[in-house]
Amino acid sequence: MKTVLLRSAALAALMMAGGASAQAESLTLYCSADEAWCQQIKTGFEEKTGITVDMTRKSSGETYAQVRAEASNPKGDVWWGGTGDPHLQAAEENLTEEYMSPMRGELHDWAIKQAEAAGNKTIGVYSGALGFGYNKDLLAKNGLPEPKCWADLTKPEFKGQIQIANPNSSGTAYTTLATMVQLMGEDKGFEYMKALHANINQYTKSGSAPIKAAGLGETTVGIVFMHDAVAQTAAGFPIVTVAPCEGTGYEIGSMSLIKGARNPEAAKKFYDWALSAEMQGKAKDVKSFQLPSNKAAAVSELTPDLSTIKLIDYDFKKYGSSEERKRLLSKWDTEVSTLPQ
């Protein structure tokens with residue numbers, strides 16, 4: 001009887017240990033891409049590895065703020081997606097961990113350059129050009145001219161017809177601000193943002209929200225990354241995507257391991273998997289049309305061809321730095337957002 005009891009106790013202890021081990025295989029993911037893509041990534045990793053994923057979707061600006069606020073007691077393990085500038089800022093502020101994935105050899109040069117700019121504390125997972133989209137039905141209904149350039153969006157006839165996100169919460173909108181400064185020079189760039197402000201009907205929290213509103217007929221123009229506009233067209237909305245004639249900036253969507261993460265081994269497994277061609281090639285299935293960083297990943301025919309777009313030489317290191325980002329946002333808050341509309 002004593003032997004049976006001992007065996008039962010040993011078996012119970014083994015089961016408890018196994019349960020603790022299984023429980024340890026979990027991951028907290030902060031995702032800054034579109035909700036459908038974030039859900040696909042969560043489910044895909046769980047199915048591939050058996051690791052449970054607790055996923056939260058927020059814009060890149062919001063996620064950066066959260067990671068910063070949690071620095072003394074990190075709750076997240078991996079931050080995936082969103083514009084690269086706040087990832088670079090997080091790296092500079094020592095909020096993220098250096099990691100050299102064995103998958104690096106499969107990636108485009110621009111993804112590696114992003115990593116090198118951050119001391120290998122982040123890496124590129126996709127890229128996409130900035131632009132805007134318009135609802136062609138609303139454009140015709142309101143008798144508006146077809147916008148082809150950034151300058152067109154500041155014309156008086158577009159007053160109250162445009163949406164863009166707030167650059168404090170949205171990486172898309174910060175990229176717009178940094179693009180104008182690089183494209184036109186700082187003084188003229190801010191003059192442009194002031195003129196654009198006069199035509200804005202709403203500053204949204206999320207970068208993709210303006211084009212979704214345009215698709216639903218709630219605004220005529222949405223300033224977004226071009227792949228987000230393409231996604232609305234693919235979903236059946238009357239959206240026309242525009243690559244601005246003057247030239248435009250672009251993003252390198254990035255991924256970072258959060259410093260002091262509670263599940264570092266699971267985080268590295270996710271990191272490596274998220275750089276695979278298999279994972280990245282499925283983005284098109286949820287109508288995400290960014291250019292993947294893995295050279296072998298399947299690319300949708302709807303993905304904007306960056307080689308045909310007039311891109312500026314975007315200085316990711318400078319405009320992703322903590323000092324420059326804070327300075328530009330403070331200047332926008334003071335000089336642009338306070339103006340009457």
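**Salt bridges, within helices and between domains**

Modeller: A search of the whole structure finds 13 salt bridges. The term means a side-chain nitrogen of Lys or Arg within 4 Å of a carboxyl oxygen of Asp or Glu. Side chains of opposite charge can pair when their charged atoms come close. The model is predicted, so local features need pLDDT of at least 70, side-chain atom pairs count only at pLDDT 80 or more, and totals for chains, interfaces and linings use all residues. Residues are numbered from 1 along each chain as its sequence is written, and side-chain values use heavy atoms, with hydrogens and water left out.

Start with helix α2, residues 35-49. Helices here are DSSP runs (H or I, at least four residues), numbered from the N terminus. Lys 42 pairs with Glu 46 in a salt bridge, with 3.0 Å between the closest N and O atoms. Both residues sit in α2, four residues apart, or about one turn of the helix. Glu 46 is partly exposed, at 23% relative accessible area. That class lies between buried (under 20%) and exposed (over 50%), with a 1.4 Å probe and protein chains only.

Arg 327 and Glu 186 form a salt bridge, 2.8 Å from N to O. Arg 327 belongs to helix α14 (residues 322-335) and Glu 186 to helix α8 (residues 186-197), so the pair ties together parts that are 141 residues apart in sequence. Arg 327 is partly exposed, with a relative accessible area of 35%. Glu 186 is partly exposed too, at 23%.

Helix α8 also holds a pair of its own. Glu 191 and Lys 194 meet in a salt bridge at 3.4 Å, N to O. They are three residues apart, about one turn of the helix. Glu 191 is partly exposed at 47% relative accessible area. Lys 194 is partly exposed at 24%. Shared partners also link salt bridges into one network of Glu 186, Glu 324, Arg 327 and Lys 331.

Now the domains. The assignment gives domain 1 (24-125 + 251-303) and domain 2 (128-247 + 324-334). These bounds come from an automatic or database domain assignment. Over C-alpha atoms, the two centres are 26 Å apart. The contact (heavy atoms within 4.5 Å) takes 18 residues from domain 1 and 20 residues from domain 2.

About 1,500 Å² is buried between the domains, and carbon and sulfur atoms give 52% of that. On the domain 1 side, Glu 251, Lys 287 and Phe 289 lose the most area to domain 2, together 30% of what that side buries. Buried area is the accessible area (1.4 Å probe) that two parts lose on being put together, summed over both.

Three salt bridges are counted between domain 1 and domain 2. Elsewhere in the list of pairs, Lys 326 forms a salt bridge with Glu 93, with the closest N and O atoms 3.9 Å apart.

Key:
Helices (H or I, at least four residues) and strands (E, at least two) are DSSP runs, numbered from the N terminus.
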